[in-house]
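The sequence and the structure are shown first.

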Amino acid sequence: MIMATEWTPLACLSSRMQRNKADKELKIALIVINMPLGGMIDKFKNLCNIASVKSYTDGGSSQVFNVVGEEQEKYLPDYISGDFDSVDPDILNFYKEKGVEIIPTPDQNETDLTKCLRILINNKSISEFDQIVVINAFGGRLDHTMANMESMFHITKLTNKPLYLMSEDSMACLLMPGYHIIRVNTGLEGEWCGLIPIGARCTRITTTGLKWNLTDGQLEFGTLVSTSNTYDGSEVVTIETDTTVLWTMGVK
């Protein structure tokens, strides 16, 4: 029997009544990075309200500070990390005075997101969590978006807990080699989805539940990339892959 990895990517945005039984006590670790919250403000607030752990990169703390107005204390993180080149000193002092832990990470060989994730995973004093959600992960500078995706590869070496990157209308996660069941029945899924062979050529991949399925297919830049796909009406998508691939999907 093939062991499956099960995913419900949008469970974090669902109300408790909408979640599958296995997800109803979902413990989320939320990370905010340095991109304007813009249309994500409602999703951010909802995620903050249910998150077991909240962490901001230095630039992420500025983004939150600038949009929550008089509700600052309601959205204090557990810690802020970074090299602190992307935050106003007055904003950082505000968080210090509120008792937020400030963790310097001056190493320039990794992004602030990767370093923030390492703290989250390695610090045993941080509350337990089941999955990690990074918001503001797409949009803006393309090199920043690619760096955020690259961070996911680092973290797969440290934890097997799901890591999702989210923007206002998109979500993505890495699927490691193996068999995956992705539940797409929360009602929050957008119309589109895709499979991207990021990092390496995918030499064998088979799917069900998509309008355009693959059977022992190959994915590679310059050959085929599965974008602008959609669902066939099933409540689950299955993916069996011999290579790490990026699953991406629309979010309402």
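Predicted model: local features only at pLDDT ≥ 70, side-chain atom pairs only at ≥ 80, totals over all residues.

K98 counts as partly exposed, with 38% relative accessibility, whereas E73 counts as exposed, at 52%.

## Other charged pairs

A search of the whole structure finds eight salt bridges. One of them joins the side chains of R183 and E6, at 2.8 Å from N to O. Since R183 is part of strand β9 (residues 178-183) and E6 is part of strand β1 (residues 4-7), this pair ties together parts that are 177 residues apart in sequence. R183 has a relative accessible area of 14% and is therefore buried, the cut-off being under 20%.

A further salt bridge brings together the side chains of E220 and R201, at 3.5 Å from N to O. E220 lies in the loop between β12 (217-219) and β13, and R201 in the loop between β10 (189-196) and β11 (202-208), so the pair ties together parts that are 19 residues apart in sequence. E220 is partly exposed, with a relative accessible area of 29%; R201 is also partly exposed, with 40%.

## The open sheet

An open sheet is formed by 10 strands, in the order β5-β4-β3-β2-β6-β7-β8-β15-β10-β13, with mixed pairing. At its edges are β5 (101-104) and β13 (226-229), each of which pairs on one side only. From one strand to the next, the twist averages 20°.

Strands β3 (residues 51-57) and β4 (residues 79-82) run parallel and are joined by three bridges. Within this pairing, Y56 has I80 of β4 as its bridge partner. Helix α2 (residues 58-68) lies across β2 (28-32), β3 and β4, and runs at about 105° to β3.

## Strand β15 and its neighbours

Which strands pair with β15, and in what sense? Strand β8 (residues 170-175) runs antiparallel to β15 and is joined to it by six bridges; here M171 has M249 as its bridge partner. The pairing of β10 with β15 is likewise antiparallel and extends over five bridges, with L195 and W247 as bridge partners.

Seven of the seven residues of strand β15 (residues 245-251) are buried, so this strand is largely enclosed by the rest of the structure.

## The two domains

The domain assignment of the protein chain gives domain 1 (12-168) and domain 2 (170-251). Their C-alpha centres lie 25 Å apart. Domain 1 brings 19 residues to the contact and domain 2 brings 14 residues.

The size of an interface is often given as the accessible area lost when the parts come together. Between domain 1 and domain 2, the buried area is about 1400 Å², and carbon and sulfur atoms give 68% of this area. The count of salt bridges between domain 1 and domain 2 is zero.

Note on methods. Residues numbered from 1 in each chain as written. Heavy atoms only, no water. Pairing = 2+ DSSP bridges. Helix = DSSP H or I, 4+ residues; strand = E, 2+ residues; numbered from the N terminus. Axes fitted to C-alpha atoms, helices over the stretch in contact; angles between N-to-C directions. Contact = heavy atoms within 4.5 Å. Salt bridge = Lys/Arg side-chain N within 4 Å of Asp/Glu carboxyl O. Buried < 20%, exposed > 50% of the residue type's maximum accessible area, 1.4 Å probe, protein only. Domains from an automatic or database assignment. Buried area = accessible area lost by both parts, 1.4 Å probe.
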